[in-house]
Number of protein chains: 2
Amino acid sequence: MARPTGSRGARTATLSDVAKLAGVSVATASKALNNRNHVHAQTRARVLDAAAQLSFSPNSLARGLLAGRSGTVGLLTSDLVGRFSLPILMGAEDAFGAGQVSVFLCDARGDAIRERHHVQALVSRRVDGLIVVGSSTDPRPALADAVDVPVVYAYAPSEDPDDLSIVPDNVEAGRMAVEHLIACGRTRIAHISGDRDYSAARDRVAGATAALEEAGLEPVGQVSYGTWSEGWGRAAAGLVLDRHPEVDAVLCGSDQVARGVLDTLRERGRAVPDDVAVMGFDNWEVLTVGARPQLTSVDMNLEELGRAAARALFDAIDDEHDRGVQTMQCRIVIRGSTAPLN
Amino acid sequence: MARPTGSRGARTATLSDVAKLAGVSVATASKALNNRNHVHAQTRARVLDAAAQLSFSPNSLARGLLAGRSGTVGLLTSDLVGRFSLPILMGAEDAFGAGQVSVFLCDARGDAIRERHHVQALVSRRVDGLIVVGSSTDPRPALADAVDVPVVYAYAPSEDPDDLSIVPDNVEAGRMAVEHLIACGRTRIAHISGDRDYSAARDRVAGATAALEEAGLEPVGQVSYGTWSEGWGRAAAGLVLDRHPEVDAVLCGSDQVARGVLDTLRERGRAVPDDVAVMGFDNWEVLTVGARPQLTSVDMNLEELGRAAARALFDAIDDEHDRGVQTMQCRIVIRGSTAPLN
DNA sequence: AGCTTGCCCGAAAACCTTTTCGGTCATTTT
DNA sequence: AAAATGACCGAAAAGGTTTTCGGGCAAGCT
């Protein structure tokens, strides 16, 4: 194990150890290590040397206790597979700067009791702030009022409009998707969405519908709502082809749905993208890159969203903070499944 | 925001506030809140009441400073997508008991510099232990010796045999997979693996080969090594069908490969599972459940692995610890892609 | 030479909790 | 009634760091 032999009892070096070895007081040692002024260059060197020799590592607990801030934040999620919370965590780590702030990741697994438990633990650990990541874009209940650290809600907005929430702009994303298909020369666009109970599905549909209308195009058939699954994509695509054989593009509610649609199209002998263009949502790489052809998809820029959330939290920690729901732009990642018509 | 109005300046309640409100000393308040004896029931009630009134939350930093342990552990990963580290995190949370121990999740993104940075930060925060999750099952360099907290390596073993590592038993998993196919009445089993550079691939092949041999079966063709992708699965399956049309089962190196294999089989008109059984590896639900038919796969029990790692870390924190590489059993999740031959 | 100025350094307080040890008070025993 | 017992509570120290403030000392100035 990494622990050096015999160091079990050797308690880790403290600042007074360093000071003693350097022949100075703890105050001077502290100042030297923190690049405070009013300490002679030579003295500073002695202290740094001693610290290195003892492989001294300042006790963040003590520092946090004194400073009243711990340099940690909590990331509370309900997103089992980490599909959304992990990119957000990465973005947050980026924004905080590596090592400056450490992140407690807690998964409540959709359980309110467990969530309260985690929040309590985080408050007790004196986190400087909290990022709450929902599992869908539907509004979620705000945290208890007892939490008196800043909270930023990411991906899913808080139900309380006084909270700050940062969410992907799904309406605009739907619009962008349709505009991309139109730019590829498509005019008979069907929309196979996901679960109607999800606001993400409805928002994307709203944006897509608006874009169609603005372009003066009729939607091909009704929007099909179902589930976020490949099976639904396969089934729905079959229906669309039966009723509207003239379709030349299918916008899908998720990459999983799109995979199902691709399956059915191939079975029915429709070439993608030559006969029909297909677009997914989420840009889940394992699905989009593995598809044949590779799948054009809307990326929600979750990492950027995480960075934004972290920055917002940072602002909220020392200054006063924003309120309300802020949206983040999505972007389209173009792959082989959409292409201009010749 | 969750912070109550005007509480910005109102520093969070401390134990002395509680004590003052309850009309006792801090010592008594502490004892009352921690269920120590030698405190009158009535007094305890007064203290609890006061604590509730102030929504008092004990400062873990102070407690940790005094106790010499922080009640936190670090989970250091390089696994970008969280495919492996998240289930392990969940298992660890389970084993530690919700709220008892909080987990710092750090992603080094495969960068040694960043890893050192994170380790330094974690040591500074006085984590009680460290779980290191690799991104593949290949051995990875041990952490620097300067880390004097217990470390458990999960998924990827440490190169240092004196460290404790907990990894999935890929050899046994390969064996189990073949035995399952044999139990389904298959005798002409091809093996399309993943990247030869991964020990996971080689180990599974070793187990599978051994199982075939023990059953007195000849492998169908050479093991095909390639990449962990759908594209490779599609291509390799084509080759196998060309050269060995008699094949009645394909064992795949990953679920992605298996998805590609399924694709090609359908194109070539081979029914799954009636003509050919297909098995994947990893049990990545988005791939296995979406497939048609649903994909039988080997699950590496990562959550259980996380629990084991957490338990091992727990043991290592107070007692002396184990060393060496321990393996965890995998299990087969049977779905539609494998079935007994009639 | 005596005074001021400015540079370094050290003592001590503060952060908050837990635990130990000694003290107070009421109750019981002789 | 005096002493002993036991139950309950409070004072104080400890844990490691940062910051403030005051003191010592050398150099420069009159």
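This is a predicted model: local features need pLDDT of at least 70, side-chain atom pairs count only at pLDDT 80 or more; totals for chains, interfaces and linings use all residues.
Student: Let's start with chain A. Into which domains is chain A divided?
Tutor: Happy to begin there. Domain 2 of chain A is written in two segments, 71-168 and 302-328. The centres of domain 1 and domain 2 of chain A, taken over C-alpha atoms, are separated by 37 Å.

Student: Chain A has an open sheet of five strands. Which strands stand at its edges, and why is one side of each left without a neighbour?
Tutor: Good one to work through. The strand order in chain A is β6-β7-β8-β9-β11, with mixed pairing. A strand at the edge has a single partner strand, so one side of it is left without a neighbour in the sheet. The edge strands of chain A are β6 (189-192) and β11 (331-333).

Student: By how many degrees are neighbouring strands of this sheet turned against each other on average?
Tutor: This value belongs to the sheet with the order β6-β7-β8-β9-β11 in chain A. The average ignores direction, and it comes to 20 degrees.

Student: Now for strand β8 of chain A: how many of its five residues are buried?
Tutor: Let's take the strand one face at a time. Ala277(A), Met279(A) and Phe281(A) point one way from β8(A), and these residues are buried. Val278(A) and Gly280(A) point the other way and are buried too. For β8(A), residues 277-281, the count of buried residues is therefore five of five.

Student: Which residues stand opposite Met279(A) and Gly280(A)?
Tutor: Each residue leads us to a partner strand. Three bridges join β7(A) to β8(A) in parallel, and three bridges also join β8(A) to the parallel strand β9(A), residues 296-299. Met279(A) stands opposite Leu251(A), while the residue opposite Gly280(A) is Ser297(A).

Student: What handedness does the β-α-β unit of β7(A), α10(A) and β8(A) have?
Tutor: The two strands of this unit, β7(A) and β8(A), run parallel. With α10(A) they make a β-α-β unit that is right-handed.

Student: Let's turn to chain B. Which residue is the bridge partner of Ala190(B) in β7(B)?
Tutor: Chain B has five strands in an open sheet, ordered β6-β7-β8-β9-β11. Four bridges join β6(B) to β7(B), residues 249-252, and the two run parallel. Helix α9 of chain B, residues 230-243, lies across both strands. The partner of Ala190(B) is Val250(B).

Student: Finally, which element of chain A gives the largest share of the side that touches chain B?
Tutor: Here 58 residues of chain A are in contact with 57 residues of chain B. Elements that each supply at least two residues to this side of chain A include α5 (85-96), β2 (102-107) and α10 (255-267). The residues of this side divide into 26 nonpolar, 19 polar and 13 charged. The largest share, seven residues, comes from α6(A).

Technical notes. Residues are numbered from 1 along each chain as its sequence is written. Chains are lettered from A and ligands numbered from 1 in the order in which they are written. Two strands pair if DSSP finds at least two bridges between them. Two residues are in contact if their C-beta atoms, placed from the backbone, lie within 7 Å. Axes are lines fitted to C-alpha atoms, for helices over the stretch in contact, and angles run from 0 to 180 degrees between N-to-C directions. Ala, Val, Leu, Ile, Met, Phe, Trp, Tyr, Cys and Pro count as nonpolar, Asp, Glu, Lys and Arg as charged, and the others, Gly among them, as polar. Domain bounds come from an automatic or database domain assignment. A residue is buried if 20 or more other C-beta atoms lie within 10 Å of its own, exposed if 12 or fewer, and partly exposed in between; C-beta atoms are placed from the backbone. A crossover is right-handed if, with the strands pointing away from the viewer, the path from the first strand over the helix to the second runs clockwise.
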